[in-house]
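Colleague: Could we go through this model together? I would like to begin with the ligand site and then move on.

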Amino acid sequence: MPPAAAKAVAQPLAAAAPPMPAREPAPATPPASAAEPPRPVRSPTAVAPAVRRSENFYDVKTTVFSALIDTIDLSQLARLDTESAREEIRDIVNDIIALKNIAMSIAEQEDLLEDICNDVLGLGPLEPLLARDDIADIMVNGAQRTYIEVGGKVEETGVRFRDNTQLMNICQRIVSQVGRRVDESSPICDARLPDGSRVNVIAPPLAIDGPTLTIRKFKKDKLTLDQLVKYGTITPEGATILQIIARSRCNVLVSGGTGSGKTTLLNCLTRYIDNTERIITAEDAAELQLQQPHVVRLETRPPNIEGEGEVTMRDLVKNCLRMRPERIIVGEVRGPEAFDLLQAMNTGHDGSMGTLHANSPREALSRIESMITMGGFSLPSKTLREMISTSIDVVVQAARLRDGSRKITHITEVVGTEGDVIITQDIFLYDIAGEDAAGRILGRHRSTGIGRPRFWDRARYFGEEKRLAAALDAAEAEELVVAQG
Ligand SMILES: Nc1ncnc2c1ncn2[C@@H]1O[C@H](COP(=O)(O)OP(=O)(O)O)[C@@H](O)[C@H]1O
Ligand SMILES: [Mg+2]
């Protein structure tokens, strides 16, 4: 090839295609509030999607992508290992950019390449979000809008899909990993990513504006009670009270809204279970990470495409009872399994625990009641309430406040029944006092002055009564100081 021609290809004319406008600088990460964990960022590319890319970027990408698809055999590519496939794509993409005279900086080219590799080899535009450890949830509302939850706050990202077809293909790729299919005839599907993240897909026609994907990201490093103290979710005294509750085999319900930290809290509580106990966990998607050696983990199963083979939470909890458990831990109680869990709590499996969705401890108890009645058990409500009050010892309430911080707002005991009313007493509370100029919630944790909670005898049996008394006193003394000051 004559040198001049080679030069023409190698140096695309800036005039031939408008240069891509420089992308806006990445927004400075907002200062992490003291109440939230630091936000590790794994690689520089991980930051990219926070940047809103220019229209031009997507146009260029579409052009290059179509040319790529015309050039290579995708099924062949799938047989290569990721590294070789990436190299292959890199070569071709560079050729295409040169041939089509697209002017791009090296950085833009890298960015484009990364994007295209993700599309072809992985979960497309989702990959950079999946690589970030600081994201709790990813919410995709059709091809054009993707939100994430970071540090308790929901924010929109610049991530976009080419169109709903691409998004649907990605959904398909995810659910096919668990042997399922999502399409117009079965538009709802739960699945799990290889890393353990939970995925829900709801597709058109049910989702009106395009395939909608919700991912609860799996955190490898679960938060500990010490970290919750550091983030201000609970005070050290509150944490001690929780430890004693877990250790001394109280039956516990962890209540809270979506994403309030229920599962995290349940996981923290399980750390204080003795190593000698046989624990059986039942979850919809295994999230709990118990440290003890003697643990059996069970998971429910959705029905298959033909609608068969479902194993419900109730099936699991009933089966647990035949497995000689010492404690049963139910990831999320949401239906008639509530009845079986209460029975377990009542029949020598004390120290059993579960989470449920409710906005206050009292609401949690009435939710349990309605789950049981709706499950078709016909018990007089007085009997049912007595059963609830004798089974459940403590309700721990978690909440995500409007500033994004997560707090334990109540540690509440179930005391008994009077007539057909369940009596509860708060031991430890979070009071909201107001809000500072930056919109952060101001408040404090305090003990309510109950010196001898009902689980006192249990605590004593486990040799924890001194620690309990000290924690309750300290939490109260703090209050007096505040009140006087
Ligand atoms: N106290 C906390 N402080 C900061 N982040 C938290 C806290 N509790 C939970 N998280 C994070 O919030 C997200 C949701 O927590 P999770 O326990 O799964 O909520 P839930 O089970 O109530 O839906 C997770 O990413 C978790 O790491
Ligand atoms: Mg949960």
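Modeller: The notes below concern a predicted model.

Colleague: How many residues surround ligand 1, and which are the closest?

Modeller: There are 17 residues around ligand 1, and the closest are Ala136, Gly261, Lys262, Thr263 and Thr264.

Colleague: Which helix gives the most to that shell?

Modeller: Helix H10, residues 262-270, gives the most, contributing three residues to the shell around ligand 1.

Colleague: And how do the residues of the shell divide into nonpolar, polar and charged?

Modeller: Eight are polar, five are nonpolar and four are charged.

Colleague: Turning to the largest nonpolar core, which residues touch the most other members?

Modeller: The largest nonpolar core has 65 residues, of which Ile241, Leu242, Ile245, Val252, Leu341 and Val396 touch the most other members. Leaving aside residues up to four places away in sequence, Ile245 touches Cys250, Val252, Val394 and Phe455. Another core lies apart from the largest one and has 23 residues, including Leu126, Val150, Met168 and Ala203.

Colleague: Now helix H13. What span should its 14 residues have?

Modeller: At 1.5 Å a residue, H13 (residues 361-374) should span 20 Å, and its end C-alpha atoms are 20 Å apart, so the two values agree.

Colleague: Which residues of H13 are buried?

Modeller: In H13, the buried residues include Pro361, Ala364, Leu365, Ile368 and Ile372. These residues cover an arc of only 100 degrees around the axis, which means that they lie on the same side of H13.

Colleague: What is exposed on the other side?

Modeller: Ser370 and Met374 are exposed there, on the other side of H13.

Methods
Residues are numbered from 1 along each chain as its sequence is written. Chains are lettered from A and ligands numbered from 1 in the order in which they are written. This is a predicted model: local features need pLDDT of at least 70, side-chain atom pairs count only at pLDDT 80 or more; totals for chains, interfaces and linings use all residues. A residue is near a molecule or strand if its C-beta atom, placed from the backbone, lies within 6 Å of it. Helices (H or I, at least four residues) and strands (E, at least two) are DSSP runs, numbered from the N terminus. Ala, Val, Leu, Ile, Met, Phe, Trp, Tyr, Cys and Pro count as nonpolar, Asp, Glu, Lys and Arg as charged, and the others, Gly among them, as polar. A nonpolar core is a set of buried Ala, Val, Leu, Ile, Met, Phe, Trp, Tyr and Cys residues joined through C-beta atoms within 7 Å. A residue is buried if 20 or more other C-beta atoms lie within 10 Å of its own, exposed if 12 or fewer, and partly exposed in between; C-beta atoms are placed from the backbone. Two residues are in contact if their C-beta atoms, placed from the backbone, lie within 7 Å. The expected span of a helix is 1.5 Å times one less than its number of residues. The arc is that of the directions from the helix axis to the C-beta atoms.
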